[in-house]
Amino acid sequence: MPTPAPPPSSRAAAPPAPAPAPAPGAGLALLFPGQGAQRPGMGAPWRDTAHWAVVEDLSEAAGRDLGELLLHADAERLTRTDNAQLATFTLEMVLLDALRSAVGELDPAVCAGHSLGEYAALTAAGVLTPQDAVRLVAERGAAMAEAARLVPGTMAVLVGPDMARTAAALVDARGATGPAEVWVANVNGPGQVVVSGRPHAVAALTAQAVDAGARALPLRVGGAFHSPLMAAALPRLTRALAATPLAPGRCPVVANVDGRPHHGEAPALWRDLLRRQLLEPVRWSDSITALHTLTGGRPHLVELGPGSALTGLARRLLTPDVPARSAATPAQLAGVVATGWC
């Protein structure tokens, strides 16, 4: 819901306050959004920059024309799981390249990504190369699209006081009286969750939540992600992960499925976490708590990718004045660089 504009003032507006300088010990935290953040034409601001070379390089690695997705795909095409994931990941890599070009050596304290965004976070941390990551994203998206074709599903956002607890109770109650056909897929905070499952079950649980005082928003997605209905995608993703080299990385990455930072562990751990991520909930609220702790309670959040949903969630989970910026265009990235946080 939009925030109401303040009443007009007779005094001239004060100039915007400068971005706060990093506090001693503060840590740069890079955040990467996932599927659902994509929008038509989101690559256009980058088309005539040097960073478009990233799109051409990743297109060759993925065997897809990713520039065409970023420039010309309409909303319907971008709703398709494989297209949405490739387009979103590619833009995030363009932004990461532009940020590194602007600041030189990039040294984040921690990285985190929401769902698909975890692959961008692992790339930013040096666990994956961009080329290996885009091939994994292509396999993941194709596998999930096929699983959704085999077992149709949908998702919905539920918002309300203590909604995480309410949704979990509704899911448990339905599972106790019949087959489990709806699950909590994202815990974005105490007051916001996403449920995932078969369309009739999601509709029924959403109606119950609304009766209990929730606001509900159906999501235009291609399947029941982060639920057991994605099981058919697991073999293909498992094979792709097994064939992909993973490095220890340069900084911790907070994992979706356990909300904990991981750094320097054996590659087998991240392969297991990414497999589990396909079927298990995104524990984003726990992830932000871990990120906050890891930076000594002084994170400087930079969201690289379309939209600003993750910085908005962080403000609600931490404090409204937490230093946070989002960037999807060259002008927005210049604003991030001007903060001096990187």
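Student: What should I know before we start?

Tutor: The model is predicted, so local features need pLDDT of at least 70 and side-chain atom pairs count only at pLDDT 80 or more, while totals for chains, interfaces and linings use all residues. Residues are numbered from 1 along each chain as its sequence is written, and side-chain values use heavy atoms, with hydrogens and water left out.

Student: Why is His226 called buried?

Tutor: Buried means under 20% relative accessible area, exposed means over 50%, and partly exposed lies in between (1.4 Å probe, protein chains only). His226 has 4% relative accessibility, so it counts as buried. It sits in the loop between strand E6 (215-219) and H9. Helices (H or I, at least four residues) and strands (E, at least two) are DSSP runs, numbered from the N terminus.

Student: What makes the phi of His226 worth a remark?

Tutor: Most residues other than glycine have a negative phi. His226 is not a glycine, yet its phi is positive, about 55°. Ser115 is not a glycine either, and its phi is also positive, about 60°.

Student: Is Ser115 buried or exposed?

Tutor: Its relative accessibility is 12%, so Ser115 counts as buried. Ser115 lies in the loop between strand E2 (110-113) and H5.

Student: Why is Asp172 called exposed?

Tutor: Asp172 has 56% relative accessibility, so it counts as exposed. Asp172 belongs to helix H7 (residues 163-177).

Student: How do you know that H5 is largely enclosed by the rest of the structure?

Tutor: Count its residues. In H5, 8 of the 8 are buried, so the rest of the structure largely encloses this helix. Among them are Glu118, Tyr119 and Leu122. After H5 comes Gly126, with a positive phi near 90°.

Student: How do you know that the buried residues of H10 line one face of the helix?

Tutor: In H10 (residues 267-279), Trp270, Leu273, Leu274, Gln277 and Leu278 are buried. Seen down the axis of H10, they fall within an arc of 150°, so they line one face. The arc is taken from the directions from the helix axis to the C-beta atoms. In general, an α-helix has 3.6 residues a turn, so residues three or four places apart point the same way.

Student: What covers the buried residues of H10?

Tutor: The cover includes helix H5 (117-124), helix H6 (130-150), helix H9 (234-242), strand E7 (253-254) and strand E8 (261-262).

Student: Why are H9 and H10 called roughly antiparallel?

Tutor: Axes are lines fitted to C-alpha atoms, for helices over the stretch in contact, and angles run from 0 to 180 degrees between N-to-C directions. Under 35 degrees counts as roughly parallel, over 145 as roughly antiparallel, 65 to 115 as roughly perpendicular, and the rest as oblique. H9 and H10 pack at about 160°, with their axes 10 Å apart. The pair is therefore roughly antiparallel.

Student: Which residues of H9 and H10 meet?

Tutor: Contact means heavy atoms within 4.5 Å. Leu234, Leu237, Thr238, Leu241 and Ala242 in H9 meet Arg271, Leu274, Arg275, Leu278 and Leu279 in H10.

Student: What makes H1 oblique to H4?

Tutor: Helix H1 (residues 52-62) and helix H4 (residues 81-103) pack at about 135°, with their axes 9 Å apart. That angle makes H1 oblique to H4. The contact involves Val54, Val55 and Leu58 of H1 with Phe89, Thr90, Met93, Val94 and Asp97 of H4.
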